[in-house]
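Work through the exercises below with the structure open beside you. Try each task before reading its solution.

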Amino acid sequence: MELQNGQTKHLGVTPPIAVTYPTPREIEVTDSLVQELTAQGTFESEEESKRREVVLGKLDKLVKEFVYNVSREKKKLPEADAKEAGGKIFTFGSYRLGVHGAGTDIDTLCVVPRHVTREDFFDEMYRILKNLSEVNELTCVTDAYVPVIKLRFQDIPIDLIFARLELPKVPDELELRENTLLKNLDETCIRSLNGSRVTDEILRLVPSIPAFRTSLRCIKLWAKRRAIYSNVMGFFGGVAWAMLVARICQLYPNAIAGAIVSRFFRIMHQWKWPQPVLLKPIEDGPLQVRVWNPKIYHGDRFHLMPIITPAYPSMCATHNVTQSTKKIIEREFERAAEIADHVMVGSGKWADLFEKHDFFIRYRYYLQIIVSSDSSERQLKWSGMVESRIRHLISKLESVENLELAHPFVKGFDKIHHCTNDQMATDVMHGIFDSTSVTDKNTELSQNNTDAVTVRVIYTTTFYVGLDISRRDPGTKAPRQLNISWPTQEFIKLVKVWDKYDEKSMGIHIKHVKSSELPPEVFEDGQKRREDSKKRKRVPPEVLEDGQGKREELKKRKHDGLAEKDQNPKKIKSNSPNGI
Ligand SMILES: Nc1ncnc2c1ncn2[C@@H]1O[C@H](COP(=O)(O)OP(=O)(O)OP(=O)(O)O)[C@@H](O)[C@H]1O
Ligand SMILES: [Mg+2]
Ligand SMILES: [Mg+2]
């Protein structure tokens, strides 16, 4: 960007590293990157893209109708004022950034004038949507951190959130950039506006939007395939990845995607964390709210890989990162940097970057965190709550002696168990089950298909943590000891203090399994199991588990006079390795 005085203006907190234009080789690798991204199915069809635009147009009209109805009927405003009250939608998330894939949602913010309330939104807006034949799967989530109406509009998933401004009308020209707009708003509205303000600011802060989009598409696909795309589990979420890519775009303002991606990995691999990634200087603003500042706030000093959102009030988008997830992300940056270097010199291909993660073959031991309940609605909330706390388990595991790394997997595995007797249901609630009682998450097992009658249906979600256990000292014969009872017990206590926790209808159990005992569903797409070298005899580690672990359970069952043949012998063995 050329300024009048001949100086070049740059975007970002430092000048660019290079302002050079693409070389023929960079153009070539960018073309092959776009080809690969297309082959990998990251772009939606033209038909879907048009349908999204139509849907957004309709949604905008509906929001105006909603504001008008509330203005006239509830607030009794004169006709002219009600018409002028306006109302407008803004998109954010991957759709706004232009990096969404087929079938992903449109994150939409509905902005209204001050006389329209959140209750009106969940009441009148919901009613309007409910009456439309094009709308399906309409649900209100009123008690979330950011309350939302979820729906499918002409088969496009929509997340509709709400913000009410301190203005008498919301005209079509209104923008959300001004920090003063946030004055006198409640916290929920500020949070709801934040997503849109951040995405818009990111787009303003990148020198070339097309280069940014292609690069981000590549980084998102890579991060998803390598299982490091998840804010909740302590990796990076969509906004964090977008900001990282945006920062590299700022450093190479004239570069195209192929060059940006390869520099992205090289720079991120060498980044001196905890130096924060910033897209612009952190701003002060009109609110009494916390802005990220490690000089003032002690907690902010513990952020291991801080990536700071650019819109006021700036926050750290990566505060969930732990020592373990940091190591894993860095390991992936290193792997990717090597591949990208090979691609640049012609000795490798982009497809190598997108190879699937090896989480379920990488480790010899895993923790299973089994969350259970007796209804699908309860399971959704209960497993979501446990999931949001797993990073605390990881932090606690990090202090366990002989444990090099505790690696959380990005998602849980859901199962529906059709139990044919009460004992089976009790077992499943206690995390004891095999595949025979299970149906696929989405298929309800009809009773006609089974020999036995389903007495109770139990829902489980299993999360996994890979354990990297340090090697024994050469010369010692004793097994390494891994005492995970404190972290697991503390974790179980932590999740059980949840105000909606109910002992009768919800269960949580942690156990450790060998890689050979992992269930088949974790090996998608025909991935093979780990094959351990048979030549070298290994001494298995001695794992001291949660006091309510399997052994205790068995003792209790014996004591209660329950038949031991109900047990799955393989699992018992797995849970009582040498020494327990
Ligand atoms: N649990 C949450 N708490 C707060 N904000 C959230 C939460 N989930 C999503 N958001 C906000 O909504 C935005 C969009 O989230 P979404 O899950 O739709 O991801 P996305 O980046 O749009 O990717 P996708 O293409 O998969 O939809 C996020 O960038 C974030 O601002
Ligand atoms: Mg989205
Ligand atoms: Mg969404």
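This is a predicted model: local features need pLDDT of at least 70, side-chain atom pairs count only at pLDDT 80 or more; totals for chains, interfaces and linings use all residues.

**Exercise 1. One residue and its surroundings**

Task: Decide whether Ala336 is buried or exposed, and list what Ala336 touches.

Solution. Begin with the position: Ala336 belongs to helix H10, which runs over residues 323-345. Next, count the C-beta atoms around Ala336: 24 others are within 10 Å. The cut-off for a buried residue is 20 or more, so Ala336 is buried. Then look for contacts, leaving out residues up to four places away in sequence: Ala336 touches Trp222, Phe265 and Leu353. Last, take a separation: Phe43 is 293 residues from Ala336 in sequence, and their C-alpha atoms are 22 Å apart in space.

**Exercise 2. Two crossing helices**

Task: Describe how helix H1 and helix H9 are placed relative to each other, and which residues meet.

Solution. Two quantities are needed, since packed helices are described by the angle and the distance between their axes. The axes of H1 (residues 24-39) and H9 (residues 257-270) come within 7 Å and cross at roughly 90°. Angles of 65 to 115 degrees count as roughly perpendicular, so H1 is roughly perpendicular to H9. On the H1 side, the residues in the contact are Glu26, Val29, Thr30 and Leu33. On the H9 side they are Ala257, Gly258, Ala259 and Val261. Sorted by class, this contact has five nonpolar, two polar and one charged residues.

**Exercise 3. A sheet with helices packed on it**

Task: Give the strand order of the open sheet of five strands, and explain why one side of S1 and of S3 has no neighbour in the sheet.

Solution. Reading across the sheet, the order is S1-S2-S5-S4-S3, and the pairing is mixed. Strands S1 (88-92) and S3 (135-141) are at the edges with a single partner strand each, so one side of each has no neighbour in the sheet. From one strand to the next, the twist averages 25°.

Now take one pair: S4 (residues 148-153) and S5 (residues 156-164) run antiparallel and are joined by five bridges. Lys150, for example, has Asp159 in S5 as its bridge partner.

**Exercise 4. The partners of one strand**

Task: For strand S10, find how many residues are buried, and how many bridges S10 forms with S6, S7 and S8.

Solution. S10 (residues 456-469) is mostly covered, with 10 of its 14 residues buried. Go through the partners in turn:

- S6 (residues 365-373) pairs antiparallel with S10 over nine bridges; Ser373 is bridged to Tyr459 in S10.
- S7 (residues 403-408) pairs antiparallel with S10 over five bridges; Leu405 is bridged to Asp468 in S10.
- S8 (residues 413-419) runs antiparallel to S10, joined by seven bridges; Ile416 is bridged to Tyr459 in S10.

How values were computed:
Residues are numbered from 1 along each chain as its sequence is written. Chains are lettered from A and ligands numbered from 1 in the order in which they are written. Helices (H or I, at least four residues) and strands (E, at least two) are DSSP runs, numbered from the N terminus. A residue is buried if 20 or more other C-beta atoms lie within 10 Å of its own, exposed if 12 or fewer, and partly exposed in between; C-beta atoms are placed from the backbone. Two residues are in contact if their C-beta atoms, placed from the backbone, lie within 7 Å. Two strands pair if DSSP finds at least two bridges between them. Axes are lines fitted to C-alpha atoms, for helices over the stretch in contact, and angles run from 0 to 180 degrees between N-to-C directions. Angles under 35 degrees count as roughly parallel, over 145 as roughly antiparallel, 65 to 115 as roughly perpendicular and the rest as oblique. Ala, Val, Leu, Ile, Met, Phe, Trp, Tyr, Cys and Pro count as nonpolar, Asp, Glu, Lys and Arg as charged, and the others, Gly among them, as polar.
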